[in-house]
Amino acid sequence: MVQKPLSTNLIYEDGQYKMGYTHLVTDADVDDLRGVQTTAHHLQAWAPKRTECRAVVVGKDIFCVGIQAGSERSYVDYRADFESNTYEQIELPERVLRGMRTFMTELGLVYGAFDLVLGIPANEGAADEQMVSFLECNPGGQYQFLEATAGVGITDSLVDC
C-alpha cells in the first residue's frame, strides 16, 4: 500500500523547500507506528503500473496524457522526479471515458483532473489488455504541465467552456 499526503505539504527545511510525496509503506513503517494516532492518514492500495495517466475533463472534452516514469522515485509518484518522465497524449478505453463522464455528471462537476494507473493485466492474452485503476479525481487539479509536455489544449477548452 501507499501513504499519500492529504494536501500539499510544502515545508522549508535545510535552506530549501521540500514537499511530501506518495510513499510506499514498508515493513519498517508498520513495525514502528509511534505517532500514527496524532493525525489523519490517507492509505491506498498500490496499483502496479505500466504508466500513469492524468485525464483532465473540461465539460464534454477529455484530455488524456500518459506519464511514463523515468526514475524509481517517479514510479511511485511522478511529481517526485518530474523532469525524468516522458509525457504523451494517449487514448483510454471507451468504458473508462464513459465512467469519467458519469462521475462528473453525478457530482455536478465541469472540471476534474483524474489520476489513473494503466496497469499490468492479470492475463496478458485478455481481450481488454488495458487494466485501468482509478486513483482519484481532483476538482482543482493542475494541468499546465500537460500542455507544456504533451501539447494538449486544456486552456482553450476552459476558455470555450
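This briefing covers the sheets, pockets and selected residues of one protein model.

The model is predicted: local features need pLDDT of at least 70, side-chain atom pairs count only at pLDDT 80 or more, and totals for chains, interfaces and linings use all residues. Residues are numbered from 1 along each chain as its sequence is written, and side-chain values use heavy atoms, with hydrogens and water left out. An open sheet of 5 strands has antiparallel pairing. A further open sheet has 3 strands, also with antiparallel pairing. The largest pocket holds about 840 Å³ of space.

**Five-stranded sheet**

- The strand order is β8-β7-β6-β9-β10. Helices (H or I, at least four residues) and strands (E, at least two) are DSSP runs, numbered from the N terminus. Two strands pair if DSSP finds at least two bridges between them.
- β8 (86–89) and β10 (131–138) are the edge strands, and each pairs on one side only.
- Neighbouring strands of this sheet are turned by 25° against each other on average, direction ignored. Axes are lines fitted to C-alpha atoms, for helices over the stretch in contact, and angles run from 0 to 180 degrees between N-to-C directions.
- Strands β6 (residues 49–58) and β9 (residues 111–119) run antiparallel and are joined by 9 bridges. Arg54 stands opposite Asp115 in β9. Thr51 faces Leu118 in β9.
- β9 also pairs with β10 in the antiparallel sense, over 7 bridges. Here Leu118 stands opposite Val132 in β10.
- Helix α3 (residues 94–107) lies across β6, β7 (61–68), β9 and β10. The helix runs at about 150° to β9.

**Burial of β9**

- How many of the residues of β9 are buried? The count is 9 of 9. Buried means under 20% relative accessible area, exposed over 50%, and partly exposed in between (1.4 Å probe, protein chains only).
- In a regular strand the side chains alternate between the two faces of the sheet.
- Both faces of β9 are covered. Tyr111, Ala113, Asp115, Val117 and Gly119 are buried on one side. Gly112, Phe114, Leu116 and Leu118 are buried on the other.

**Three-stranded sheet**

- The order is β4-β1-β5. The edge strands are β4 (23–24) and β5, each pairing on one side only.
- β1 and β4 pair in the antiparallel sense over 2 bridges. The bridge partner of Gln3 in β4 is His23.

**Pockets**

- Pockets are found on a 1 Å grid over the protein atoms alone: a cavity is a set of points where a 1.4 Å probe fits but cannot get out, and a pocket is an open set with protein on both sides within 12 Å along at least five of seven lines. Lining residues have an atom within 4 Å of a point.
- Grid points are joined across faces, edges and corners, and a volume is the space filled by probe spheres set on the points.
- The largest pocket is lined by 33 residues. Arg54, Asp77, Arg79, Asp115 and Glu136 lie nearest its centre.
- β1 (2–4), β5 (42–44), β6, β9 and β10 each give two or more residues to the lining of the largest pocket. β10 gives the most, with 4 residues.
- The lining of the largest pocket has 15 nonpolar, 10 polar and 8 charged residues. Ala, Val, Leu, Ile, Met, Phe, Trp, Tyr, Cys and Pro count as nonpolar, Asp, Glu, Lys and Arg as charged, and the others, Gly among them, as polar.
- The second largest pocket has a volume of about 240 Å³. Its lining includes Gln3 and His23. By class, this lining has 6 nonpolar, 3 polar and 2 charged residues.

**Loop residues**

- Asp14 lies in the loop between β2 (10–13) and β3 (16–19). Asp14 is not a glycine, yet has a positive phi of about 55°. Asp14 is exposed, with a relative accessible area of 67%.
- Thr22 is in the loop between β3 and β4. Thr22 is buried, with a relative accessible area of 15%. Not counting residues up to four places away in sequence, Thr22 touches Val2, Gln3, Lys4, Pro5, Val76, Asp77 and Arg79. Contact means heavy atoms within 4.5 Å.
- Ile90 sits in the loop between β8 and α3. Leaving aside neighbours within four places in sequence, Ile90 is in contact with Cys53, Cys64, Val65, Gly66 and Leu118.
- The C-alpha atoms of Ile90 and Asp29 are separated by 36 Å. These two residues are 61 residues apart along the chain.
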